[in-house]
Amino acid sequence: MSFLDILKKPYPRENAGEVESLIEELVRIGIQDDYLSEHPGRGFNGQCRHIRARAIGSQLQQIGGNDLMSWAYRKVRKQAGKMLASHLEYAWKDIGDWQP
């Protein structure tokens, strides 16, 4: 993520606090739990995707669409690493028109 990407925030100013909080939570989920599991249950759905991470993805989709989801994905990749970001990529499958 370049410096210019950080300056171009793809969400309305009135949602800034909410978006920042959601992204912080998303990074924390990835580091603590991962976005994928080998088995459903304990916070993971039937497709072994983290339930709360998917809910955050849906909220981001509602606020700013695919542009905001992609922006958040890049922030997660920078803060949590490429492997966890690739797990998030799959965990968000079928949310809106999600494409990293």
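The model is predicted, so local features need pLDDT of at least 70 and side-chain atom pairs count only at pLDDT 80 or more, while totals for chains, interfaces and linings use all residues. Residues are numbered from 1 along each chain as its sequence is written, and side-chain values use heavy atoms, with hydrogens and water left out.

**The bend in α3**

Stay on Gly64 and show the helix around it. At this residue α3 bends by about 125°; the bend is the angle between axes fitted to the seven residues ending there and the seven starting there. Gly64 counts as partly exposed because its relative accessibility is 23% (buried is under 20% relative accessible area, exposed over 50%, partly exposed in between, with a 1.4 Å probe and protein chains only).

Next, select residues 51-80, the whole of α3. The end C-alpha atoms of this 30-residue helix are only 18 Å apart, whereas a straight helix would reach 44 Å at 1.5 Å a residue. That expected span is 1.5 Å times one less than the number of residues.

**The core**

Select Val19, Leu26, Tyr35, Leu60 and Trp92. These have the most contacts inside the largest nonpolar core, which has 26 residues. Such a core is a set of buried Ala, Val, Leu, Ile, Met, Phe, Trp, Tyr and Cys residues joined through side-chain atoms within 4.5 Å. Helices α2 (16-32), α3 and α4 (82-91) each supply at least two of its residues, and α3 gives the most, with 10.

Keep Leu60 and show what it touches. Leaving aside residues up to four places away in sequence, its contacts include Val19, Leu22, Met69 and Trp92 (contact means heavy atoms within 4.5 Å).

**The salt bridges**

The structure holds two salt bridges, each a side-chain nitrogen of Lys or Arg within 4 Å of a carboxyl oxygen of Asp or Glu. For one, select Arg52 and Glu25, whose side chains meet at 2.8 Å, N to O. Arg52 is in α3 and Glu25 in α2, so the pair ties together parts 27 residues apart in sequence.

For the other, select Lys93 and Asp94, at 3.8 Å, N to O. Asp94 is exposed, at 58% relative accessibility, and Lys93 is partly exposed, at 39%.

Note on methods
Helices (H or I, at least four residues) and strands (E, at least two) are DSSP runs, numbered from the N terminus.
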